[in-house]
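User: Got a model open here and want a quick walk through it. Can we start with the overall layout and then go to the metal site?

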Amino acid sequence: MASIQACLFDLDGVLVDTAKYHYLAWRRLAEELGFGFTEQDNERLKGVSRTASLEILLEIGGLQLDEETKQQLAERKNTWYVESISRMDESEILPGALDFLKACRSKGIKVALGSASKNAMLILNNTGLTPYFDAIIDGTKTSAAKPDPEVFVLGSEEVGVPPENCVVFEDAEAGIEAAIRAGMRSVGIGSPENLSRANLVVPSLQQMTIDRLGEL
Ligand code: B16
Ligand code: MG
């Protein structure tokens, strides 16, 4: 097996838990539109782009709206979401994430972000994570959403490491699929039931070490 020379990290669900802020903002929007939105419903939005998330929300509420209204609603939700993430700090980095990023850097392994979020820079800056990255690919730089491999292909190009030497860390099934399509290995963060296609699944980055990259 080719050695690992770059680690590509998803953001929400891997390095930070922003899903709770997405949930609060989507629930507020659903309530304004006159229907409920549960935490279980929110599971369907993880790793999904903003516009695709709105489509799922409207399907749950049984609403059909024109494009202009949908754009206004997505912006409205984003304003509330940005209010929440503007208050984030380093205490919201998920357990084990910082130590693993530091370990990668100390071994000369390149570190890249591969996130669907258009708000990734604000989150990375507020949590102090920005300096750990050699490349940051987010929703402002991509045209196709996961499971399309674009976000990880761009990350591997920017750090100058071929796909066979890259590993992706992802909490969403669509992200694991994107890694496979990019020709990369993957580590699922979460439970094996949802992430069965990953080469390795761990509950969090707390269980990840540089030595374990050898298991992939
Ligand atoms: P934004 P990731 C994803 O982040 C979230 O999991 C998903 O719930 C969200 O809709 C998407 O980013 C877009 O976020 O509205 O901030 O552009 O897991 O790809 O880091
Ligand atoms: Mg994610």
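**Domains and metal site**

Analyst: This is a predicted model. Taken over C-alpha atoms, the centres of domain 1 and domain 2 lie 25 Å apart.

User: How many residues does each domain put into the contact?

Analyst: Domain 1 gives 11 residues and domain 2 gives 12 residues.

User: And where do the domains run along the protein chain?

Analyst: The assignment puts domain 1 at 6–17 + 93–215. Domain 2 covers 19–85.

User: How much area do domain 1 and domain 2 bury between them?

Analyst: About 940 Å², with 50% of it on carbon and sulfur atoms. On the domain 1 side, Asp12, Asp17 and Asn119 supply 44% of the area buried against domain 2.

User: What about salt bridges across the interface, how many?

Analyst: Zero between domain 1 and domain 2 by the rule. Polar contacts do turn up: four residue pairs, both partners at pLDDT 80 or more.

User: How do the residues on the domain 1 side divide?

Analyst: Where domain 1 touches domain 2, five are nonpolar, two polar and four charged.

User: Switching to the metal. What coordinates the magnesium ion (ligand 2)?

Analyst: Asp10 (OD), Asp12 (O) and Asp171 (OD), at 2.0 to 2.2 Å. Along the chain, the donors follow the spacing D-x1-D-x158-D.

User: Asp10 and Asp12: buried or exposed?

Analyst: Asp10 counts as buried because its relative accessibility is 4%, under the 20% cut-off. Asp12 is buried too, at 17% relative accessible area.

How values were computed: Residues numbered from 1 in each chain as written. Chains lettered and ligands numbered in written order. Predicted model: local features only at pLDDT ≥ 70, side-chain atom pairs only at ≥ 80, totals over all residues. Heavy atoms only, no water. Domains from an automatic or database assignment. Contact = heavy atoms within 4.5 Å. Buried area = accessible area lost by both parts, 1.4 Å probe. Salt bridge = Lys/Arg side-chain N within 4 Å of Asp/Glu carboxyl O. Polar contact = N/O pair within 3.5 Å; in protein donor to acceptor, adjacent residues only side chain to side chain. Nonpolar A, V, L, I, M, F, W, Y, C, P; charged D, E, K, R; others polar. Donors = N, O, S within 2.8 Å, 3.2 Å for Na, K, Ca; no water. Buried < 20%, exposed > 50% of the residue type's maximum accessible area, 1.4 Å probe, protein only.
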